[in-house]
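User: I'm new to this one. Can you walk me through its charged side-chain contacts?
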Amino acid sequence: MTTLRQHLDAARGYPLRAFAICFVAYAFSQMDLALFGYALKPIREEFGAGYAEIGNVLAIANLLGGVLLVMLGVVTDHVGRKSMMILGTVVSSVFIVMQAFVPALLWLAVLRGMSLGTGGLLYPVTGAIVTEEAPSRLRGIFAGMLQAAYPVGWFVGSLLAAWLIPAYGWRALFLTGIVSIPFVFVIHRWLRESSRFEADRRSGAPRASLTELFRPGMLRRTVTLFCAQFLFVLAYGGSFQLFPLYFHDARGFDLADSAYLVGLGNLVAVAGYLLAAIVGEFWLTRRTTVVIWTLLGALCYAWLLWGTEGKGEALLAFSVMCVFFLGVAAVKFAFVAEVFPTRLRATGLAFCGSLAVTFGSALGPKLIGWAIDRHGWDVALSAFGAVPLFAAGLFYLLLRPIPSGLDVDAVQAELRK
């Protein structure tokens, strides 16, 4: 019987190096994408925009970014993971910097969409690499902790926002997008193409296409995952992009305190990622862990809205909510990545992950923006945050649990049983 020590020994060397490179690249992309949420308040003031107009900007950006993401996901399964990681890192950074010079909200929406599409590509690309290179028994830990790069990136973005916006304005914040570009030299020098992708390409397997996700044997899995992810991100997409505004406008915190509160909550969520990854790998199936974490996240969401007063209570509730709400990504991502075969992994992640994310992120802010103007912040966030999150937890029950620790190429045989 293989011991934990043997599993850890297998993770040393290139698997750990590939994970570290993917983690940093993904954290850079999330830092860049987080800047927009912190700039919303001064953007709204400069352009004289209401909440509904801001919701429209987010909707246009996410719809545009989602379509682009799926296209790039298919390309990744054709040409390889490494080259697309380099492309996504460079091009998304350029689009982030360009947002510092926009003259109108429409231009901001378009450039935001392009940065979402290219920067969001790091989600399926890094996920495919880590899933395909990690030791089988630790795949859930590796893939799960990769998602911790998300709150780390948001935390760094929070620090930049708290420092730059009061001193230099929101446009200066987007100029920091350039800092991730030099990392492409690390990717080029130290990252190899995925070994499983190379083996799959040499085997003469059919080229990936979006239509394959909807063929018999794959259709139910694809539709169920997309719907579950969409419900989850409907809650997430509207909430986390608007939480800095919520704490400022509804709770009366100043802009710097709002940024620090959201940033710290995201940083604390790293503990949730690790705990969820361990539970999903060694104690429960990943599917079951996703259900539990999502439902607990919804309950903590309601606690934040209706059961807290003051900064201390808000920080506590928001942090605990992040542990579950964000931490579930650790097992959810690993589960979604392993249920698609290697030749379709980036395509499946892009469609069921990234497209569902961008569609939910497009509709969520629009619905919340509409509801805020009519019913106030707490009702809006409850109706289009806590409720769809709870529904997502129930929806994940429709997915089939898979034993943890299988070789990633053996998962397909398990699903065919």
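Analyst: What follows is a short talk about salt bridges in this predicted model.

User: How many salt bridges does the structure hold?
Analyst: The structure holds 13 salt bridges.

User: Take Glu-132. Which side chain does it meet in a salt bridge?
Analyst: Glu-132 pairs with Arg-345, at 3.0 Å from N to O. This pair links distant parts of the chain, 213 residues apart: Glu-132 is in helix H6 (residues 122–133) and Arg-345 is in helix H17 (residues 345–375).

User: Is Glu-132 buried or exposed?
Analyst: Glu-132 has a relative accessible area of 2%, so it counts as buried. Arg-345 is buried too, because its relative accessibility is 0%. The cut-off for buried is under 20%.

User: OK, and what does Arg-139 form a salt bridge with?
Analyst: Arg-139 bridges to Glu-338, and their closest N and O atoms are 2.8 Å apart. Here again the pair links distant parts of the chain: Glu-338 lies in helix H16 (residues 329–338), Arg-139 in helix H7 (residues 139–146), and they are 199 residues apart.

User: Why does Glu-338 count as buried?
Analyst: Because its relative accessibility is 1%. Arg-139 is buried as well, with a relative accessible area of 3%.

User: Switching topic: what about Asp-77 and Arg-81?
Analyst: Their side chains meet in a salt bridge, 2.8 Å from N to O. Asp-77 is buried at 7% relative accessibility, and Arg-81 is buried at 0%.

User: Last one. Which residues are linked in a network of salt bridges?
Analyst: Lys-41, Arg-44, Glu-45 and Asp-249 are linked that way.

Note on methods. Residues are numbered from 1 along each chain as its sequence is written. This is a predicted model: local features need pLDDT of at least 70, side-chain atom pairs count only at pLDDT 80 or more; totals for chains, interfaces and linings use all residues. Side-chain values use heavy atoms; hydrogens and water are left out. A salt bridge is a side-chain nitrogen of Lys or Arg within 4 Å of a carboxyl oxygen of Asp or Glu. Buried means under 20% relative accessible area, exposed over 50%, partly exposed in between (1.4 Å probe, protein chains only). Helices (H or I, at least four residues) and strands (E, at least two) are DSSP runs, numbered from the N terminus.
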